[in-house]
Amino acid sequence: MAGNLSFTQYSLEALFKEVTNMAIPIYQRGYAWGADQVDDLWNDLMEVMDDDQSDHFFGQIVMNNSEGKQYIIDGQQRLTTTVIFLAVIRDALLALAAGDDQNGSEALIRANDLQDDILGKRGKFHLEQSDSVRDYFDTYVQTPNAFSKAPKTNKQSLKNINQTFTLLQKNVTNALHKYTTSNERLNYLKMLYRHLTQSFFVITIVTPDEAAAFVIFETLNARGRDLNASDLLKNHIFRTAQHELELVQETWNQMMDALNNDSGATTRFIRAYWNATRKFATEKSLYKAIHNHITTSSEAVQFTEELAGLADVFVAMTSPKNNAYFSDTKVVDMLMVLKDMGGKTFYPLVLAMVKNKYSEAELLPVLQKIYSFIVYNFTVGGLVANKYEKTFSTIAEQVNDHRLTSVKAINDAIAEDMISVDQFKESWVHFQVKTEKVAKHLLFETYYQDEQAKIDINAVKVLILNGNIENANQIGNKVLITKEENVRIRKQNQPIETVLAESKFAGTRKLAEVKIIDDDFVTERQLAALSPAASFWR
């Protein structure tokens, strides 16, 4: 089989110019990238642009050469996203061309060149989608200035295509708003295109045998244990330690003991620590960043000592029930709330505060502000958490280098990136929450403010009042009940109305008096909590 294989390294620009007959087979799954993957791609590109990197590995593409086409066996999602991104850049160039006399000609030429040389033309597009999405993709993505006319659809793969285009278009638009002249905007679009198509490269593996292509695909994506990033980091640190190797090994092992020798957790911790003290690094760029900055034995010693000293803090954040660092129960309780809410991006900030000797009494109001940020922006606002990794890392870096020197200054910095009260209120009206852990905290803070002292948040369940209405997961359709009351409903089949009427919680008993719980009632009840919710989390 090896003799029939072809291996080639391409920039994305060269790939689309030279391999103009790529196609997605009909049996491939639909387009599946979500907001997180799109954000990762954007962040990778921004990092390449910021550092002016000449290359960025975008993965392997496995193709089967058959019937005059290069069928994509592995790489469908990345190539489809690339086309969407290029279409966004093309439309931005066309918009610039339509609105500017001075730079309009160049913008139009570049848009047309992108279309002709990279994307192709209808009937001869360089990447042909499978039958299930081809018409939509060709009509509204590959065709210039057509996306705004795309109809709404319930087909998930088409919704994902629409979401990716929308997210990338929003990112490009926001970036262009930073520039005041058309010349600056044109230069930005040219730079965006250049780094995406010339700095991002792939390795193609082509075989004429479809079965062989699948073997290669499965081998490359095998579930065997890969060398973890923490293993690579350890090797580099140990090599750098030289005559201090014994001390570095000892402190490294102390850190690993605290992290229960979990290599995945170790990588996440080291990255959180790095982003608390230095320039932001993605997981992909972490090894390179540490390799470039930890170059002497004394730096290796200091690095591992600081890691060992903060490992228990990371465990306390990621697994508050196993806390062995914080003594203030209010701090531990707040960390448990943040874990329930799915918070992770704040880790570097807490590490920076502990490293810089902030007390637990000073840490508590910052954790409370982080709680507000999560509810405002993510839980209710619906924004993607990954976007704010840099926000918290930047604040952490400012704490570490003493540009932020007080709790008020830290909380003010957090508040700068919170959505407005009006935006929160607008999102709250029809906001829904599916997870019980999140719903518990939102209900507790809004509908049960007068009886919180007698409610153990870890010993309650969430009950949906009417599961048959259209928006059953609205917070206005939910109440807190005790575990015993939940058993009466779920296992003893007692009427919900009876259990509500006899509930331990006054806020729950009120609902037993409501005769009809429909969409209108749920929305009205949700609106009634709007002001206290907006006030509490601000």
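Colleague: Two strands pair if DSSP finds at least two bridges between them. On that basis, what is the strand order in the open sheet?

Modeller: The order is β1-β8-β3-β4-β2-β7, 6 strands with mixed pairing. Strands (E, at least two residues) and helices (H or I, at least four) are DSSP runs, numbered from the N terminus. This is a predicted model, in which local features need pLDDT of at least 70, side-chain atom pairs count only at pLDDT 80 or more, and totals for chains, interfaces and linings use all residues. Residues are numbered from 1 along each chain as its sequence is written, and side-chain values use heavy atoms, without hydrogens and water.

Colleague: Which strands stand at the edges?

Modeller: β1 (6-11) and β7 (127-128). Each has a single partner strand, so one side of each lacks a neighbour in the sheet.

Colleague: And how does β2 join β4?

Modeller: β2 (residues 22-23) and β4 (residues 69-74) run parallel and are joined by 2 bridges. M22 has Q70 of β4 as its bridge partner.

Colleague: What does α2 touch on the sheet?

Modeller: Helix α2 (residues 35-51) touches β3 (56-66) and β8 (200-207), where contact means heavy atoms within 4.5 Å. The direction of α2 makes about 120° with that of β8; axes are lines fitted to C-alpha atoms, for helices over the stretch in contact, and angles run from 0 to 180 degrees between N-to-C directions. Helix α7 also packs on the sheet, touching β1, β3 and β8, at about 35° to the direction of β8.

Colleague: Changing topic. At what angle do α6 and α7 pack?

Modeller: About 140°, with the axes of α6 (residues 156-176) and α7 (residues 182-199) 10 Å apart. They are therefore oblique to each other; under 35 degrees is roughly parallel, over 145 roughly antiparallel, 65 to 115 roughly perpendicular, and the rest oblique. V172, A175 and L176 of α6 meet R185, Y188, L189 and L192 of α7.

Colleague: What about α10 and α13?

Modeller: Helix α10 (residues 245-258) packs with helix α13 (residues 297-318) at about 15°, axes 8 Å apart, and the two are therefore roughly parallel. Among the contact residues are W252 and M255 of α10 and L307 and A311 of α13.

Colleague: Where is confidence lowest?

Modeller: In helix α8 (residues 210-220), at a mean pLDDT of 64, while α15 (residues 347-355) is highest, at 98. pLDDT is the predictor's confidence in each residue, from 0 to 100. Residues 223-227 are below 50, with 3 contacts in the model beyond near neighbours in sequence. Where pLDDT is low, the predicted coordinates should not be read in detail.

Colleague: What's the chain average?

Modeller: A pLDDT of 91, with 96% of the residues scoring at least 70.
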